[in-house]
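Dear colleague,

Please find below the structure I promised to pass on to you. My notes on what was found in it follow directly after it.

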Amino acid sequence: MRLLEYQAKELFKEFGIKTPPSVSSKDIEKGRKDAKELGYPFVIKVQVPVGGRGKAGGIQKCSSDDEFELKYPQLLNMSIKGEKTRAILLEKMADIEKELYLSLFLNRSKRCYTIIASSEGGVEIESVKNQTIREVGLGDVDSQIAKEVANEIGLKDSQEEQFVEMLQKLSKLTIEKEAELAEINPLAILKDGTLIALDGKVMTDDNSNFRHDELQKYQEKSDLEEQAEKSGFSLVELDGNIAVIGNGAGLVMSTFDLVTDNGGKPATFLDVGGGATTESVYEALTLISKMSRVKGILVNLYGGIVKTTTVAEAFIQAYNNNLIDLPVFARLMGTESDKAKEMLKDTKTKMFDSIEEAINGVVMEANK
Amino acid sequence: MTDIYELLRGAKDADGNYQKQPVIVQGITGKYGSAHAKLMLEYGTNIVAGVTPGKAGQKFEDKIPVYDSVKDAVDATGAKISIVFVPAKFFLDAAKDALNSGIKLLVAIPEHVPIRDTMEVIELAKQKDAIMIGPNTPGVIVPGLIKVGIMPASPFSSGRVAVLSKSGTLLYEISNNLTSAGFGQNITIGIGGDPVNGTRMIDAFDMIKDDPELDGMVVVGEIGGEAEEVLAQHIIDIGFKKPVVGYIAGRQAPKEKRMGHAGAIVMGTYGSAESKISMFAKANIPVAKRPGEVAVLLAGKMNS
């Protein structure tokens, strides 16, 4: 789960990591109350689950009611990289002396947690220079390692102490919440010498959700994505017009690549998964039928454990119930694919022997 | 290092044939476990015992004894291979039971195992000098001899090419293409779609690279992490000479979105397809644009 800044900061507060005074809202009525409570001046920050919002104009200073009334609705209605604003954070401005970088993240290839720290923060991690990197096993950071990291990025005395404390708290958060990434960037040294988390990013392991009921309130999924999860398949929604369906994440990604290579725009990445049943595929078609922008459906199946006839049966039911009226372009391979093709032969599903031909068909249809 | 070939194939007998090695199935009485145990038996895998806590004394398919624990199953059969079909939240306990009982090759099928649990099992496997494949893997197959996994049988045929793949269905698709093109497989290993793998691409590569019956390799990667980059660098460093061909899924995937697999996510440039493809190019590994092209590229490499 990718937490929004305000959610990450709630966790920071819970673990005793200092953040500037701030309040979050999802509508202007609550926003107005927040503004009064906080007092001008402050910054308005859009809460979106992607990076680069500063450059996109998603962080604005605000010093009066007039400015607030103008900027709050603008920011609430903006989209960054296709992601709509999920909430608004109002935050007191900090008197910054210097910006550092600090994160704990799961190094996948080394299979251990890694501390990254730098005296030059405030930019995206790829651009952070002079990185100090330490591997710390399952994420536990003892005070000795924390001190060494502090010293390596040039911190001494009180700042060293504050940094050590902050890093150890971040480590505790990472372990307890099963985070894949916990990042403070920038970690600011204020003019008065205090260390504070100005921005935060936390990603937790979705597979550990079952033992973190306390994090469920942060779950931000579209209705469609939520329904998909309930039915046991995975869905990513995009703004194109071709619904891409298949079994297995790799195969669907591959199909998705080829559609885009050929000038098509996918509306879904939909993996019916290894446990697909006629019911779950029918459910998937129900979701797609509700997406008005979809002009064609592309199906790429490699039947193995999931029989292609299981999927074909769902299509037959969908046609019989007038659930879908869209042209379907399908390539079925593997278990019982001859039978599946026979089942679908008199329907609106067009069968292709190669995925390339099916893609050409659906792209032409969608671009009509 | 524990030898995966020795575990799966044993030693050749007097006639030059490999021996079927015994396999335990954890979760054999469950819906998924029993269905796949049957399919493995059909393939010819020598399943000697099942494990389901509380079900000791039962017989699976009227012939395979079920035990309460892996320890009991190992004591009775001496098996060193176990395949696990338990719900993700019970995986940690099942894996510990296996590794603490002498299992040397653990094939972890469940999807959605928490990363922290996987890391704990990896640590234990290291201590026990054991191999874990997965989690979230289709398993491992030596075509014609032994199938320890959930892959369908039809795409595979025995031969001298290895396939390493993060994805299950792409493994089937590409193996099927290879088989049609006359490239049978010496072994195929599902690395799994999780962020942290018991056997990483590079580990799998090192386990099999020197097999005298291996002529070439296909690496099926996908966005997320840097397993492909690390492998490519390793291939450069050791000057590996057998032909290697690659495929990377997810070139057009949006950033910061998980594409079906827990591990398939691009953060900034970390995990991007461009990064993987350019490292493969440095290591002289041609990358197919589509799955169907893999066999063609391999044929080109093999004949050059």
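Predicted model: local features only at pLDDT ≥ 70, side-chain atom pairs only at ≥ 80, totals over all residues.

Is α6(B) enclosed or exposed? A residue is taken as buried if 20 or more other C-beta atoms lie within 10 Å of its own. In α6(B), 12 of the 13 residues are buried, so the helix is largely enclosed by the rest of the structure. The buried residues of α6(B) include G168(B), T169(B), L170(B) and E173(B), and these four also meet residues of chain A, namely G250(A), L251(A) and S254(A) in α7(A). Also buried in α6(B) are, among others, Y172(B), N176(B) and N177(B).

How do the two helices cross? The axes of α7(A), residues 249-261, and α6(B) come within 5 Å and cross at roughly 70°. Angles of 65 to 115 degrees count as roughly perpendicular, and α7(A) and α6(B) are therefore roughly perpendicular to each other. By class, their contact has 2 nonpolar, 4 polar and 1 charged residues.

The axes of α8(B) and α9(B), residues 273-282, come within 9 Å and cross at roughly 10°. Angles under 35 degrees count as roughly parallel, and α8(B) and α9(B) are therefore roughly parallel to each other. In this contact, E228(B), E229(B), A232(B), Q233(B) and I236(B) in α8(B) meet S275(B), K276(B), M279(B), F280(B) and K282(B) in α9(B). By class, the contact of α8(B) with α9(B) has 4 nonpolar, 2 polar and 4 charged residues.

As regards domains, the assignment of chain B gives domain 1 (4-133) and domain 2 (154-303). The centres of these two domains of chain B, taken over C-alpha atoms, are separated by 26 Å. Their contact takes 13 residues from domain 1 and 10 residues from domain 2 of chain B. α1 (4-9), α5 and β7 (131-133) of chain B each supply at least two residues of the side of domain 1 that touches domain 2, and the largest share of that side, 6 residues, comes from α5(B). By class, the side of domain 1 of chain B that touches domain 2 has 12 nonpolar, 1 polar and no charged residues.

Chain A is divided into domain 1 (21-92), domain 2 (96-215) and domain 3 (223-366). In chain A, 39 Å separate the centres of domain 1 and domain 3, taken over C-alpha atoms.

With kind regards

Note on methods
Residues numbered from 1 in each chain as written. Chains lettered and ligands numbered in written order. Domains from an automatic or database assignment. Contact = placed C-beta atoms within 7 Å. Nonpolar A, V, L, I, M, F, W, Y, C, P; charged D, E, K, R; others polar. Axes fitted to C-alpha atoms, helices over the stretch in contact; angles between N-to-C directions. Parallel < 35°, antiparallel > 145°, perpendicular 65-115°, else oblique.
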